[in-house]
Amino acid sequence: LFPAIALHHLHGNATTVGLLYAAPPAGALVCSLLSGWTSHVRRMGLGVTLMACLWGGAIAGFGYMTSLVPALVLLAVAGGADFYSAVLRSTMLLRSTPDHLRGRLLGIEFMQVASAPSLGDLEAGVLASLTSLRFSVVSGGFACIAGCIVTALALPKFLRYGSDAQP
C-alpha cells in the first residue's frame with residue numbers, strides 16, 4: 001500500500017515511496033545497534049508480546065499520518081519493534097527446541113518470515129480495495145494488538161516464558 005499511501009495521504013512521489021519502504025529496515029538497523037539489552041530480558045514471552053503490540057500500535061498510528069516525517073518515525077518504530085520481537089522469538093525457539101528438531105523448526109520459521117509479509121500485503125490490498133487505505137492500515141495494526149491480547153489470554157505459559165526456562 002506504500003505507493004497509494006504516498007500519493008493519496010502524504011501527497012508525495014516516488015522518493016516518498018522509497019522512504020516509506022526504507023523506514024522499517026532503518027528502524028531495525030538502529031535497534032540492532034542498540035540490542036545489547038535483549039540479553040538481559042528475563043520474560044521473553046512478555047517481551048515478544050509487548051514488541052508485537054508496539055508494532056501494531058505504530059502501524060495503526062502510521063495509518064493516520066498525513067505528514068511524511070511522523071509517518072517515517074512510526075514505520076521506523078515498527079521496524080525496530082519487529083526486530084526486537086524477532087530476536088526474542090529466535091532465542092526462545094533455539095533454547096526450547098531439541099537439537100534433532102532445530103533444523104526443521106528453523107526451516108518452518110524461515111518459511112513464515114519469508115511468506116507472511118507477502119500474505120499480509122495481499123490481505124491489506126484486498127481490504128483497501130473494499131474499504132479504504134486508512135481503514136486497511138489502521139485495522140491491521142489494531143488487529144495485531146487484539147491478536148496479541150487473545151494469544152496472551154489463551155497461552156499464559158507463553159507470556160510467562162522466561163530466560164530460566166528449561167529446554
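**Fold.** I began by reminding myself that this is a predicted model. I then looked up the secondary structure and found 7 helices and 0 strands, which read along the sequence as α-α-α-α-α-α-α. Next I checked the radius of gyration: it is 17 Å, close to the 15 Å that the globule rule gives for 167 residues, so the protein is as compact as a globular protein of that length. Along the principal axes, the C-alpha atoms fill a box of roughly 50 × 35 × 25 Å.

**Contacts and surface.** I looked at contacts between residues at least 6 apart in sequence, and 77% of them join residues at least 24 apart. Of the 167 residues, 32% count as buried. The accessible surface came out at about 9600 Å², with 72% of it belonging to carbon and sulfur atoms. I also looked up the charges: there are 9 positive and 6 negative ones, and their mean positions lie 9 Å apart.

**Cores.** Which residues have the most contacts inside the largest nonpolar core? I found Ile-5, Leu-20, Phe-62 and Leu-75, in a core of 17 residues. The elements giving two or more residues to this core are H1 (2-8), H2 (14-33), H3 (44-63), H4 (68-96) and H6 (133-154). H4 gives the most, with 4 residues.

I then followed Leu-20 on its own. Leaving aside neighbours within four places in sequence, Leu-20 is in contact with Phe-2, Ala-6, Leu-10, Phe-62, Leu-68, Leu-72 and Leu-75.

Last, I noted a second, separate core of 6 residues, including Val-41, Val-48, Met-92 and Tyr-161.

Conventions. Residues numbered from 1 in each chain as written. Predicted model: local features only at pLDDT ≥ 70, side-chain atom pairs only at ≥ 80, totals over all residues. Heavy atoms only, no water. Rg over C-alpha atoms; globule rule 2.2 N^0.38 Å. Buried < 20%, exposed > 50% of the residue type's maximum accessible area, 1.4 Å probe, protein only. Contact = heavy atoms within 4.5 Å. Areas by Shrake-Rupley, 256 points an atom, 1.4 Å probe, with all protein chains shown as cover. Lys, Arg positive; Asp, Glu negative; His and termini not counted. Charge placed at Lys NZ, Arg CZ, Asp CG, Glu CD. Core = buried A, V, L, I, M, F, W, Y, C linked by side-chain atoms within 4.5 Å.
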